[in-house]
Amino acid sequence: ADIHWGYEKGFMTPILIKACRHSADNDFLKAERTNTDIVRKKMETHDGKIWQQCIPKVFDSFLLTEGTLKRRINIQDAFLGYLNLNEVHNLMPQGLDGRTIVWMWKRMVVLLDWTYRSGVIHGAVLPCHIMFYPDNDGSTTRDIRKHSIRLVDWCYSIEHKTRTRLSAWVPAYQRLYAPEIVAKKPLDHSTDLYMGAMTMLEMCDKTVPKEITDSIRRWVEKNPKQRPAQTMQYFQEFLGIQKAIYGAPQWHDFNVPGGPAK
(Lines give C-alpha, C1' and ligand atoms only; values in the text may rest on other atoms or scores of the structure.)
Protein backbone atom coordinates (compact mmCIF):
# COMPACT_ATOMS: atom_id res chain seq x y z
CA ALA A 1 0.00 0.00 0.00
CA ASP A 2 0.95 3.65 -0.39
CA ILE A 3 0.95 5.66 2.84
CA HIS A 4 -0.03 9.33 2.98
CA TRP A 5 -0.28 11.76 5.88
CA GLY A 6 -3.23 14.08 6.29
CA TYR A 7 -5.42 16.00 8.73
CA GLU A 8 -9.05 15.51 9.60
CA LYS A 9 -11.17 18.17 7.91
CA GLY A 10 -11.84 21.08 10.25
CA PHE A 11 -9.38 19.80 12.85
CA MET A 12 -5.64 19.51 13.25
CA THR A 13 -5.90 15.81 14.13
CA PRO A 14 -3.34 13.92 12.03
CA ILE A 15 -4.55 10.89 10.10
CA LEU A 16 -2.96 8.16 8.02
CA ILE A 17 -4.31 7.40 4.55
CA LYS A 18 -3.46 3.88 3.40
CA ALA A 19 -4.18 3.06 -0.25
CA CYS A 20 -3.77 -0.32 -1.94
CA ARG A 21 -1.69 -0.13 -5.09
CA HIS A 22 -3.51 -3.06 -6.68
CA SER A 23 -7.07 -4.34 -6.32
CA ALA A 24 -5.68 -7.83 -5.67
CA ASP A 25 -4.51 -6.56 -2.27
CA ASN A 26 -7.83 -5.06 -1.20
CA ASP A 27 -8.51 -7.99 1.12
CA PHE A 28 -5.51 -7.02 3.27
CA LEU A 29 -6.90 -3.58 4.08
CA LYS A 30 -10.34 -5.09 4.57
CA ALA A 31 -8.84 -7.50 7.12
CA GLU A 32 -7.18 -4.58 8.90
CA ARG A 33 -10.51 -2.75 9.27
CA THR A 34 -12.47 -5.85 10.28
CA ASN A 35 -10.04 -7.24 12.83
CA THR A 36 -9.01 -4.00 14.52
CA ASP A 37 -12.74 -3.34 14.99
CA ILE A 38 -13.13 -6.78 16.60
CA VAL A 39 -10.24 -6.23 19.03
CA ARG A 40 -11.30 -2.69 19.92
CA LYS A 41 -14.84 -3.91 20.59
CA LYS A 42 -13.52 -6.59 22.95
CA MET A 43 -11.55 -3.89 24.75
CA GLU A 44 -14.72 -1.92 25.54
CA THR A 45 -14.65 -3.43 29.02
CA HIS A 46 -13.23 -1.37 31.91
CA ASP A 47 -9.91 -3.24 32.00
CA GLY A 48 -9.44 -3.07 28.27
CA LYS A 49 -10.22 0.54 27.38
CA ILE A 50 -6.69 1.73 28.12
CA TRP A 51 -5.39 -0.79 25.57
CA GLN A 52 -7.56 0.59 22.75
CA GLN A 53 -4.99 3.35 22.20
CA CYS A 54 -2.40 0.68 21.39
CA ILE A 55 -3.91 -0.34 18.05
CA PRO A 56 -4.97 1.81 15.09
CA LYS A 57 -8.54 2.99 14.86
CA VAL A 58 -9.69 2.70 11.26
CA PHE A 59 -12.14 5.59 10.91
CA ASP A 60 -13.23 4.73 7.40
CA SER A 61 -12.61 2.08 4.74
CA PHE A 62 -13.90 2.34 1.19
CA LEU A 63 -13.26 1.42 -2.43
CA LEU A 64 -11.86 4.09 -4.77
CA THR A 65 -12.79 3.50 -8.41
CA GLU A 66 -10.28 4.59 -11.05
CA GLY A 67 -11.48 3.35 -14.44
CA THR A 68 -11.59 -0.43 -14.16
CA LEU A 69 -9.41 -0.43 -11.03
CA LYS A 70 -10.95 -0.49 -7.56
CA ARG A 71 -8.54 0.17 -4.71
CA ARG A 72 -9.40 -0.02 -1.02
CA ILE A 73 -8.53 3.00 1.12
CA ASN A 74 -8.23 2.95 4.93
CA ILE A 75 -8.30 6.15 7.00
CA GLN A 76 -6.81 5.60 10.45
CA ASP A 77 -4.85 6.95 13.41
CA ALA A 78 -1.44 8.47 12.80
CA PHE A 79 0.96 7.66 15.65
CA LEU A 80 3.22 10.70 15.36
CA GLY A 81 6.48 10.70 17.30
CA TYR A 82 6.62 6.94 17.75
CA LEU A 83 9.58 4.90 16.61
CA ASN A 84 9.30 1.33 15.42
CA LEU A 85 11.90 -1.13 16.66
CA ASN A 86 13.78 -1.08 13.37
CA GLU A 87 14.28 2.65 13.85
CA VAL A 88 15.24 2.16 17.50
CA HIS A 89 17.82 -0.44 16.50
CA ASN A 90 19.31 1.92 13.92
CA LEU A 91 19.62 4.65 16.57
CA MET A 92 20.81 2.28 19.30
CA PRO A 93 22.62 -0.61 17.59
CA GLN A 94 24.10 -1.74 20.91
CA GLY A 95 20.60 -2.73 22.04
CA LEU A 96 18.39 -1.85 25.00
CA ASP A 97 19.13 -2.42 28.68
CA GLY A 98 17.24 -4.83 30.91
CA ARG A 99 14.89 -2.32 32.57
CA THR A 100 13.73 -1.05 29.19
CA ILE A 101 13.31 -4.57 27.81
CA VAL A 102 11.22 -5.51 30.87
CA TRP A 103 8.59 -2.80 30.55
CA MET A 104 8.38 -3.11 26.76
CA TRP A 105 7.93 -6.88 26.99
CA LYS A 106 5.23 -6.53 29.65
CA ARG A 107 3.25 -4.16 27.41
CA MET A 108 3.57 -6.57 24.50
CA VAL A 109 2.47 -9.63 26.48
CA VAL A 110 -0.69 -7.96 27.77
CA LEU A 111 -1.61 -6.46 24.39
CA LEU A 112 -1.16 -9.76 22.55
CA ASP A 113 -3.17 -11.54 25.22
CA TRP A 114 -6.04 -9.09 24.60
CA THR A 115 -5.68 -9.63 20.86
CA TYR A 116 -5.95 -13.41 21.10
CA ARG A 117 -8.81 -13.35 23.62
CA SER A 118 -10.63 -11.05 21.18
CA GLY A 119 -10.50 -13.86 18.62
CA VAL A 120 -7.76 -12.37 16.45
CA ILE A 121 -4.15 -13.23 15.60
CA HIS A 122 -2.14 -10.22 14.39
CA GLY A 123 0.15 -12.35 12.26
CA ALA A 124 3.04 -9.90 11.83
CA VAL A 125 4.44 -8.90 15.24
CA LEU A 126 7.69 -7.67 13.70
CA PRO A 127 10.16 -4.83 14.44
CA CYS A 128 8.64 -2.62 11.75
CA HIS A 129 5.19 -2.91 13.34
CA ILE A 130 6.02 -2.53 17.06
CA MET A 131 6.28 1.11 18.15
CA PHE A 132 7.28 3.02 21.28
CA TYR A 133 7.47 6.70 22.16
CA PRO A 134 10.78 8.07 23.55
CA ASP A 135 10.78 9.78 26.93
CA ASN A 136 13.29 12.46 25.95
CA ASP A 137 10.92 14.67 23.95
CA GLY A 138 11.72 17.75 26.03
CA SER A 139 8.30 17.79 27.70
CA THR A 140 7.89 17.96 31.47
CA THR A 141 4.18 17.11 31.49
CA ARG A 142 2.56 13.70 31.68
CA ASP A 143 2.08 12.15 28.26
CA ILE A 144 0.07 8.95 27.77
CA ARG A 145 2.23 8.07 24.79
CA LYS A 146 5.25 7.47 27.02
CA HIS A 147 5.78 3.88 28.17
CA SER A 148 2.94 2.71 25.95
CA ILE A 149 3.06 0.39 22.96
CA ARG A 150 1.57 0.65 19.49
CA LEU A 151 1.07 -2.35 17.22
CA VAL A 152 0.37 -1.42 13.60
CA ASP A 153 -0.26 -3.08 10.21
CA TRP A 154 -3.10 -5.50 10.92
CA CYS A 155 -3.37 -6.39 7.22
CA TYR A 156 -2.16 -9.96 7.85
CA SER A 157 -4.50 -10.54 10.81
CA ILE A 158 -7.09 -13.31 10.92
CA GLU A 159 -9.97 -14.44 13.12
CA HIS A 160 -8.47 -17.60 14.58
CA LYS A 161 -11.85 -19.18 15.29
CA THR A 162 -12.59 -19.41 11.58
CA ARG A 163 -9.10 -19.38 10.04
CA THR A 164 -6.04 -21.50 10.81
CA ARG A 165 -3.54 -19.96 8.38
CA LEU A 166 -2.39 -16.50 7.36
CA SER A 167 -3.08 -15.25 3.85
CA ALA A 168 0.53 -14.10 3.52
CA TRP A 169 3.71 -13.40 5.44
CA VAL A 170 6.83 -11.29 4.79
CA PRO A 171 9.80 -13.42 3.61
CA ALA A 172 12.32 -10.73 4.61
CA TYR A 173 11.46 -11.43 8.24
CA GLN A 174 11.30 -15.24 8.03
CA ARG A 175 13.81 -15.61 10.90
CA LEU A 176 11.25 -14.00 13.25
CA TYR A 177 8.12 -15.86 12.18
CA ALA A 178 6.71 -18.68 14.25
CA PRO A 179 7.46 -22.02 12.53
CA GLU A 180 3.78 -22.89 12.35
CA ILE A 181 3.16 -19.86 10.12
CA VAL A 182 5.79 -20.85 7.57
CA ALA A 183 4.73 -24.49 7.68
CA LYS A 184 1.06 -23.49 7.27
CA LYS A 185 0.08 -25.36 10.43
CA PRO A 186 -2.67 -24.31 12.88
CA LEU A 187 -1.93 -21.17 14.91
CA ASP A 188 -2.60 -20.62 18.61
CA HIS A 189 -2.25 -18.13 21.49
CA SER A 190 1.54 -18.37 21.35
CA THR A 191 2.01 -17.57 17.66
CA ASP A 192 2.10 -13.78 17.97
CA LEU A 193 4.10 -14.01 21.19
CA TYR A 194 6.73 -16.11 19.43
CA MET A 195 7.35 -13.25 17.01
CA GLY A 196 7.23 -10.64 19.76
CA ALA A 197 9.74 -12.61 21.83
CA MET A 198 12.10 -13.08 18.89
CA THR A 199 11.96 -9.35 18.22
CA MET A 200 12.64 -8.41 21.86
CA LEU A 201 15.55 -10.86 22.15
CA GLU A 202 17.19 -9.17 19.16
CA MET A 203 16.81 -5.80 20.94
CA CYS A 204 18.64 -6.88 24.13
CA ASP A 205 22.07 -5.48 24.90
CA LYS A 206 24.78 -7.53 26.60
CA THR A 207 23.81 -6.35 30.10
CA VAL A 208 20.30 -7.82 30.13
CA PRO A 209 20.17 -10.40 32.94
CA LYS A 210 20.05 -14.02 31.82
CA GLU A 211 16.91 -14.61 33.89
CA ILE A 212 15.08 -12.04 31.76
CA THR A 213 16.22 -13.41 28.41
CA ASP A 214 15.59 -17.01 29.51
CA SER A 215 12.03 -16.09 30.47
CA ILE A 216 11.35 -14.39 27.12
CA ARG A 217 12.98 -17.29 25.31
CA ARG A 218 10.31 -19.66 26.66
CA TRP A 219 8.05 -18.32 23.90
CA VAL A 220 10.41 -19.23 21.05
CA GLU A 221 10.27 -23.00 21.39
CA LYS A 222 9.78 -24.50 17.92
CA ASN A 223 7.01 -26.76 19.23
CA PRO A 224 4.03 -24.61 20.31
CA LYS A 225 3.12 -27.18 22.97
CA GLN A 226 6.39 -26.42 24.76
CA ARG A 227 5.61 -22.71 25.06
CA PRO A 228 3.74 -21.33 28.11
CA ALA A 229 0.17 -22.60 28.14
CA GLN A 230 -1.35 -19.65 30.01
CA THR A 231 -0.26 -16.15 29.02
CA MET A 232 -1.38 -14.37 32.19
CA GLN A 233 0.15 -17.04 34.43
CA TYR A 234 3.40 -16.50 32.57
CA PHE A 235 2.99 -12.74 33.01
CA GLN A 236 2.73 -13.09 36.79
CA GLU A 237 5.82 -15.28 36.82
CA PHE A 238 7.68 -12.68 34.78
CA LEU A 239 6.70 -9.99 37.30
CA GLY A 240 8.29 -12.15 39.98
CA ILE A 241 11.54 -12.34 38.00
CA GLN A 242 11.50 -8.59 37.51
CA LYS A 243 11.02 -7.96 41.24
CA ALA A 244 13.77 -10.43 42.19
CA ILE A 245 16.26 -8.63 39.93
CA TYR A 246 15.24 -4.98 40.08
CA GLY A 247 13.00 -4.70 43.14
CA ALA A 248 9.65 -2.92 43.09
CA PRO A 249 8.72 -1.54 39.65
CA GLN A 250 10.06 1.95 38.99
CA TRP A 251 9.88 4.30 36.02
CA HIS A 252 12.89 3.85 33.75
CA ASP A 253 13.34 6.37 30.96
CA PHE A 254 13.48 5.22 27.36
CA ASN A 255 15.80 7.79 25.79
CA VAL A 256 16.95 7.68 22.18
CA PRO A 257 19.44 9.89 20.35
CA GLY A 258 17.56 12.94 19.08
CA GLY A 259 14.27 12.14 20.84
CA PRO A 260 10.99 11.51 18.95
CA ALA A 261 10.68 11.96 15.23
CA LYS A 262 9.25 15.39 14.42
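**Antiparallel helix pairs**

Helix 3 and helix 5 are roughly antiparallel (an angle over 145 degrees) to each other. The model is predicted, with local features needing pLDDT of at least 70 and side-chain atom pairs pLDDT 80 or more, while totals for chains, interfaces and linings use all residues. Residues are numbered from 1 along each chain as its sequence is written, and side-chain values use heavy atoms, without hydrogens and water.

**Exercise 1.** State the geometry of helix 3 and helix 5, then list and classify their contact residues.

*Solution.* 
- Step 1. Helix 5 covers residues 191-203; helices are DSSP runs of H or I with at least four residues, numbered from the N terminus.
- Step 2. The two axes come within 10 Å and cross at roughly 170 degrees. Axes are lines fitted to C-alpha atoms over the stretch in contact, and angles run from 0 to 180 degrees between N-to-C directions.
- Step 3. In contact (heavy atoms within 4.5 Å), helix 3 supplies Ile101, Met104, Trp105, Met108, Val109, Leu112 and Thr115, and helix 5 supplies Asp192, Leu193, Gly196, Ala197, Met200 and Met203.
- Step 4. By class, the contact of helix 3 with helix 5 has 10 nonpolar, 2 polar and 1 charged residues. Ala, Val, Leu, Ile, Met, Phe, Trp, Tyr, Cys and Pro count as nonpolar, Asp, Glu, Lys and Arg as charged, and the others, Gly among them, as polar.

**Exercise 2.** How do helix 3 and helix 7 pack, and which residues make the contact?

*Solution.* 
- Step 1. From helix 3 come Gly98, Arg99, Val102, Trp105, Lys106, Val109, Val110 and Asp113; from helix 7 come Thr231, Met232, Tyr234, Phe235, Phe238, Leu239, Gln242 and Tyr246.
- Step 2. The classes in the contact of helix 3 with helix 7 are 10 nonpolar, 3 polar and 3 charged residues.

**Exercise 3.** Repeat the analysis for helix 6 and helix 7.

*Solution.* 
- Step 1. Helix 6, residues 210-217, packs with helix 7 at an angle of about 170 degrees, the axes being 10 Å apart.
- Step 2. Helix 6 and helix 7 are therefore roughly antiparallel to each other.
- Step 3. Glu211, Ile212, Ser215 and Ile216 of helix 6 meet Tyr234, Phe238, Ile241 and Ile245 of helix 7.
- Step 4. The contact of helix 6 with helix 7 has 6 nonpolar, 1 polar and 1 charged residues.

Note on methods
Helices (H or I, at least four residues) and strands (E, at least two) are DSSP runs, numbered from the N terminus. Angles under 35 degrees count as roughly parallel, over 145 as roughly antiparallel, 65 to 115 as roughly perpendicular and the rest as oblique.
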